[in-house]
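The questions below ask how each label was reached. Each reply sets a value against its criterion.

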Amino acid sequence: MKMMFRWFGEGNDTVPLRYIKQIPGTEGIVWALHDLPAGEEWPMEKIEAVRKQAVDSGLSNEVVESVNVHEAIKLGHSDRDYYIENYNKTIEKLASVGVKVICYNFMPVFDWFRTDLKKRLKDGSTALFYEHEKVTNMNVRQIVKQNADDLDFHMPGWEPERLGELSTLLDSYQGITEEDLFSNLHYFLNAIIPMAEANGVKMAIHPDDPPWSIFGLPRIITNRENISRMLKMVDSASNCLTFCSGSLGANPKNHPGNIVREFADRIAFAHIRNVKTEDNGDFIEASHRTQDGSVDIYDVVKALHESGYKGYVRPDHGRHIWDEVCRPGYGLYDRALGIMYLLGVWDSLNRIPSLKEK
Ligand code: CS2
Ligand code: MN
């Protein structure tokens, strides 16, 4: 496996590239042009600038996360072809600078969602927390209206410049079912996978986080059945999955290790992190170590190892430790510790003669 580290860009990330280079075993960055709204064609100069920064720091730029999908595509609106055309042009440009995997998601309106970005853990660190009942009772429209000025969410999808349009966007999803979303995803895949194939790129869809519907919005990349349906919809080596142990693991009914075993040949990118789930549906992000959460991270790494996984991996959200000031979930320290744990498991598996990396 190839170890990577997510980086939000110069001036946008608290972690400098030279620190990433110092994390043992880390080959490259997972990057994106975060200041561009979904649907826009990525300009070549900006792409080239990040390529150069990565290469100058001795890091690979082969994985992009995410090229976000415009809501018109998820909604199946008549202007979707325009945004799909932009998407295809971006795929082509990214391939031209050596990008091999593009991660994206198909979650309506919001990306990952939590109720507390700094919930204190017993050891004094803080982490991202999801309180199920709070979300169930949340009147999202009211929040958008009332708190638009002082929203303390700092989550993707809640950017201040986007709040104005949120109400309308939520309205446009009225009556959109999971089946509609599947069919709009199918249309999108039919249109972009040929471009990805022609350019040697793997498109890797990220599971929904949390893997269930929130605020009445449909969510479909949530479990093994739906992942299988998505992969079969366009049966191509370029139509892949970003396996995410934390997103899928938030639902105790999912078995992350077995999802890896079943879909290994179509996993192009893996996000590995742990979550501690509660019976009432709450979950909190934990250290990557198996014993610290509810996801058997050892088993996930073992499943990747068994399958001779050669793709990209990154630690996912970490806790905030040692008083680090950073983007929620994306500090240096806990993610670097996570890498050492993942590589520790991988390297020990490699030392067992019968299991040696294929
Ligand atoms: C994160 C996401 O929720 C997660 O696990 O990795 O922010 C993810 O990066 C995006 O949803 C992918 O498009
Ligand atoms: Mn993830």
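Q: What does "buried" mean here?
A: A residue is buried when its relative accessible area is under 20%. The model is a predicted one.

Q: Why is strand β4 described as largely enclosed by the rest of the structure?
A: Five of the five residues of β4 (residues 101-105) are buried, so the strand is largely enclosed. V101, C103 and N105 point one way and I102 and Y104 the other, and all are buried.

Q: How do you know that β4 pairs with strand β3 and with strand β7?
A: Two strands pair if there are at least two bridges between them. β3 (residues 60-65) and β4 have three bridges, in the parallel sense. β4 and β7 (residues 202-206) have five, also parallel. C103 takes part on both sides: C103 is the bridge partner of E65, and C103 stands opposite A204 in β7.

Q: What makes β6 and β11 a strand pair?
A: Strand β6 (residues 126-130) and strand β11 (residues 283-286) share two bridges in the antiparallel sense, and at least two are required, so the pair counts. Y130 has F283 of β11 as its bridge partner.

Q: Why are β5 and β10 called edge strands?
A: The open sheet has the order β5-β6-β11-β10, with antiparallel pairing. β5 (116-120) and β10 (274-277) each have a single partner strand, so one side of each is left without a neighbour in the sheet. Neighbouring strands of this sheet are turned by 40 degrees against each other on average, direction ignored.

Q: How do you know that the span of helix α4 is close to the expected one?
A: α4 (residues 80-96) has 17 residues and reaches 25 Å from its first C-alpha to its last, against the 24 Å expected at 1.5 Å a residue. The buried residues of α4 include R80, Y83, Y87 and L94. G98, with a positive phi near 95 degrees, follows the helix.

Q: Why is Y83 called buried?
A: Y83 has a relative accessible area of 18%, and the cut-off is under 20%, so the label applies.

Q: What makes Y82 and Y83 an edge-to-face pair?
A: Ring centres must lie within 6.5 Å, and planes over 60 degrees apart count as edge-to-face. In Y82 and Y83 the centres are 5.0 Å apart and the planes stand at 75 degrees, so both conditions hold. By this rule there are twelve aromatic pairs. Ring pairs also link Y87, Y104, F106 and F188 into a cluster.

Q: How do you know that R80 lies over the face of Y187?
A: The distance limit is 6 Å from the ring centre, and the charge must also be within 35 degrees of the ring normal. R80 lies over the face of Y187 at 3.5 Å from the ring centre. The charged end of K2 sits over the ring of Y312, 5.1 Å from its centre.

Terms used. Residues numbered from 1 in each chain as written. Chains lettered and ligands numbered in written order. Predicted model: local features only at pLDDT ≥ 70, side-chain atom pairs only at ≥ 80, totals over all residues. Heavy atoms only, no water. Helix = DSSP H or I, 4+ residues; strand = E, 2+ residues; numbered from the N terminus. Axes fitted to C-alpha atoms, helices over the stretch in contact; angles between N-to-C directions. Buried < 20%, exposed > 50% of the residue type's maximum accessible area, 1.4 Å probe, protein only. Expected span 1.5 Å × (residues − 1). Phe/Tyr/Trp six-rings, centres within 6.5 Å; stacked < 30°, edge-to-face > 60°.
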